[in-house]
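Me: I would like to go through some labels used for this model and see what each one rests on. Please set the values against the cut-offs.

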Amino acid sequence: MKNYYQPEIEIMPLDQLQALQSERLKEQVKFVYENVKFYHDRMDELGVKPEDIQGIDDLHKLPFITKDDLRDQYPYGLLGVPLEECVRIQSTSGTTGRRVVAFYTQEDLDVWEECCARAIVAAGGTKEDVCHVCYGYGLFTGGPGLNGGSHKVGCLTLPMSSGNTERQLQFMTDLGSTILCCTPSYAANLGEAVNERGLRDQIKLKAGIFGAEPWTEEMRHNIEESLGIKAYDIYGLTEISGPGVSFECEEQAGMHIQEDHFIAEIIDPDTGEVLPEGEVGELVFTCITKKAFPLMRYRTRDLCRLTRKPCPCGRTHVRMMKPKGRSDDMMIVKGVNVWPSQIETVLLNQGYQANYQIVVDRVGNNDTIEVQVELTPEMAEDKSIPIEKRQKKIVSGLKSMLGITVDVKVVEPKAIARSEGKAVRVIDKRHLYQ
Ligand code: DLL
């Protein structure tokens, strides 16, 4: 049986979906041109008038908007409606020194929560479910988004927020949580905690909805094993609304972008040229229904590819493949591009858990990179394989994945701090010297 929250939209034939997008885009361009000075000026500079945008084929005529533009327009420069029509803000963590504040009207919130409801239903959620939300609540969109979606589906919602693993486990077992929503790194930690305490047969979880950070297929497999669930990916970003911009269906093969609200493009990050379907590039979103914070052609810096191959679930919405990470996550070490996800793949393939950290530094003119990874408790007990041998095997796996030699330090179980939200995988000390 297929699961849809709004079948009339989710399995709408593609030609109708695209006609809907064109119509909404036309209206939205007119709306932003008339209501947001920033867009008005940008379009005038390019000599583009709202009438020039007659549908999705004209999207490429519009200017891009970047995170720097958002920073310049902070806080109210991109508002599409008077402030008194806004009912909520959410914000990014601002770890890169670029806090973004996004505004919502009540209708914007309804749309966002609907997208999250679609994600929960796609993961098998119904009103019979107990939805345990341990994404952070507050300015971060994870908790509020999934919370709202869970209410719409009619699940019993546990607004746990992040942290306090003992309390999470207690509610999970006492109240029979069936759907878990958190970051994949926290899901891995909960899996570890459940098994250490021998609680596997006391939990009723069947599915997890995990996102907010990149995670590999290997990590999916580990989480599914440790919690006995199906693990679904969910993607989103504060600027565009929050979680639920795209999510996986039962096929777990790419995330359907909610195209009745967001138009996706993939561009060459260097030239801005729109790339054909299937090519990897930077993901760009245009919001076609949002009013308070209506971003047009927003460059996400996330790198991925799209596919329109029909999905057996019946959804017609385009799928985005797991983002490789943000273009800003990519490290250049010893002149080579290194992604944390490549390192994670090698470690998990060799039987380690996702408890690792990457430390990049510079000695003289040379970059150094060290991967610290924890032994699993079983590995720590098995003294037949010397640590040096394990380290050598990882070094060689990383060498063939990355093409460079990486120092590897295998550490005792629990030596690396656990994350409760987005995991900090990389410590790059090189910027200290700049
Ligand atoms: O992380 C929204 C969210 C909350 C998504 C809960 C999913 C679940 P931000 O804090 O603004 O918003 O961070 C957005 O996180 O541009 C990606 O780089 C990354 N990201 C989000 N979801 C995924 C995912 C939330 N499933 C940034 N896979 C995005 C990989 C993801 N990266």
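Me: Why is arginine 118 called buried?
Reply: Buried means under 20% relative accessible area, exposed over 50%, and partly exposed in between (1.4 Å probe, protein chains only). Arginine 118 has 1% relative accessibility, so arginine 118 counts as buried. This is a predicted model, in which local features need pLDDT of at least 70 and side-chain atom pairs count only at pLDDT 80 or more, while totals for chains, interfaces and linings use all residues. Residues are numbered from 1 along each chain as its sequence is written, and side-chain values use heavy atoms, with hydrogens and water left out.

Me: What makes the contact of arginine 118 with aspartate 260 a salt bridge?
Reply: The term requires a side-chain nitrogen of Lys or Arg within 4 Å of a carboxyl oxygen of Asp or Glu. For arginine 118 and aspartate 260 the N to O distance is 2.8 Å, so the pair meets the definition. Aspartate 260 is buried too, at 2% relative accessible area.

Me: Which parts of the chain does this pair tie together?
Reply: Arginine 118 lies in helix α5 (residues 106-122), and aspartate 260 in the loop between β9 (255-257) and β10 (262-267), so the bridge joins parts 142 residues apart in sequence. Helices (H or I, at least four residues) and strands (E, at least two) are DSSP runs, numbered from the N terminus.

Me: How do you know whether arginine 299 and glutamate 282 are buried or exposed?
Reply: Arginine 299 has 17% relative accessibility and therefore counts as buried. Glutamate 282, with 4%, is buried as well. Their side chains meet in a salt bridge of 2.7 Å, N to O. The pair links strand β12 (residues 298-304), which holds arginine 299, with strand β11 (residues 281-287), which holds glutamate 282.

Me: Where do aspartate 367 and arginine 362 fall, buried or partly exposed?
Reply: Aspartate 367, at 15%, counts as buried, whereas arginine 362, at 32%, is partly exposed. They form a salt bridge with the closest N and O atoms 3.3 Å apart.

Me: How many salt bridges does the structure hold?
Reply: There are 27. One network of them links Glu166, Glu192, Glu196, Arg197, Glu374, Lys414 and Arg418.

Me: What makes a set of residues a nonpolar core?
Reply: Its members are buried Ala, Val, Leu, Ile, Met, Phe, Trp, Tyr and Cys residues joined through side-chain atoms within 4.5 Å. The largest such core here has 53 residues, and Leu78 is one of those with the most contacts inside it. Apart from it lies another core of 48 residues, including Leu169 and Ile358.
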